[in-house]
Amino acid sequence: MLTIGDFARASRLSAKALRRYDELGLLPPARVDPFTGYRYYAAEQLERARLIAWLRGIGMPLAEVGRVCALYASDASGAARAIRGYWARVESETAARRDLAASLVDRLKGPTEMTDETTDETADAATDETADAATGGTADGTAGRPAFVLRTAVRLDRGLVRAAQQDAAHAGPHLLAVADGYGPEGGRAALAAVGALEAVPPPAPSARAGDVLNALEDAVRAADGAVSGLAESGTTLTAAVWTGGRLALAHVGDSRAYLLRDGAFVRLTRDHTVVQALVDAGELDPAEAADRPDRALLLKALDGGESAPEPELGVHETRPGDRYLLCTDGLSAVAPADDIRRALAAGVGPDEAAEALVALARERGGPDNVACVVADVVPA
């Protein structure tokens, strides 16, 4: 047995961190002295402790650390997939922050103030090449037709239980959107929100990320205004604007956006629900969240209230072969993520994939309306 001090040195975790992980159930000691309360650890616990240290080292939240550790105990490959999925999300969020920083500097001080002194030259060249290909430009700065476009499909299904359709969706060459209405006028609310987003003009390939996000945020506020006056009704909204090389995303509520890239399936949005907030805080296990009767209790929605909710915004760099899914919780709340991933990765086109996703929800009882949009990044 190792004292907490010896175990801390061996695992490279502080004694304070070990006490915290004990409280959270991540790393309970092997024995606690009943008189002094002093913690003792077994040498066999070092592997788990080091895994926790590494996961915290890459910035993984404690709630996800617990999930990965639980997976690792029974399914090492599953744990590896979970880490890849987390890191893909980190890279996407980092790219979004980088683009916003560049846009902000460009707006305030001019583009010459932005430097990439810490970026590897090879990475810079690859980024430039990707941007040129996506926008149809060339190395000498000439512009042409976009090299890549979105090929899309949209499906709406009432489900097997609901008497009316209260979801709405849109899939066009530059705009993707899904909305899930609720209340007696939920259907009208969802249609009004999506209709407001359709007013966003197609951005130029050279448009700055910040400007596109500003336009999206303004459109979300307009959507909230369009919902006002519908008594006790509102809607979620998840929308994306395609620029030719990036996807700008705005999100309010518990509809979702996903990315399938090279076999990795990544969720791009976080539910604005009470249950998700408890999971994020480490106070609720994700497995328990799925069974909570209040799992759909929203913290944010478009309801035309006194102040419009702040949407979650982000910009995601796209690659040829990417497949995006926007869907309402009529799909995501009933179908496991692995089943959704398999349907998207089945090697079929967007239309067939969207049909398969609707069928997947129906196979699980179709308890709610479903709206889904599938979009592939393909050569023009």
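1. The bridge partner of Arg-323 is Asp-376 in strand β14. The structure is a predicted model, and the points below should be read accordingly.

2. Strands β13 and β14 are part of an open sheet of five strands, ordered β4-β14-β13-β10-β11, in which the pairing is antiparallel. At its edges stand β4 (148-157) and β11 (264-267), each of which pairs on one side only. From one strand to the next, the twist averages 20°.

3. Helix α13 (residues 350-363) lies across β4, β13 and β14, and runs at about 30° to β4.

4. A further open sheet consists of three strands in the order β1-β3-β2, with antiparallel pairing. Its edge strands are β1 (2-3) and β2 (31-32), and each of them pairs on one side only. Strand β2 is joined to strand β3 (residues 39-41) by two bridges, the two strands running antiparallel. Within this pairing, Val-32 has Arg-39 of β3 as its bridge partner.

5. The crossing of α1 past α3 is right-handed.

6. Which residues of α1 and α3 meet? From α1 the contributors are Phe-7, Ala-10 and Ser-11, and from α3 they are Leu-46, Ala-49, Arg-50 and Ala-53. By class, this contact of α1 with α3 comprises five nonpolar residues, one polar residue and one charged residue.

7. On confidence, the protein chain has an average pLDDT of 84, and 87% of the residues score at least 70. Residues 110-143 call for separate mention: pLDDT stays under 50 over this stretch. For residues 110-143 the model has 32 contacts beyond four places in sequence.

Conventions
Residues numbered from 1 in each chain as written. Predicted model: local features only at pLDDT ≥ 70, side-chain atom pairs only at ≥ 80, totals over all residues. Heavy atoms only, no water. Left-handed = near helix turned anticlockwise from the far one by under 90°. Helix = DSSP H or I, 4+ residues; strand = E, 2+ residues; numbered from the N terminus. Contact = heavy atoms within 4.5 Å. Nonpolar A, V, L, I, M, F, W, Y, C, P; charged D, E, K, R; others polar. pLDDT = per-residue confidence, 0-100. Pairing = 2+ DSSP bridges. Axes fitted to C-alpha atoms, helices over the stretch in contact; angles between N-to-C directions.
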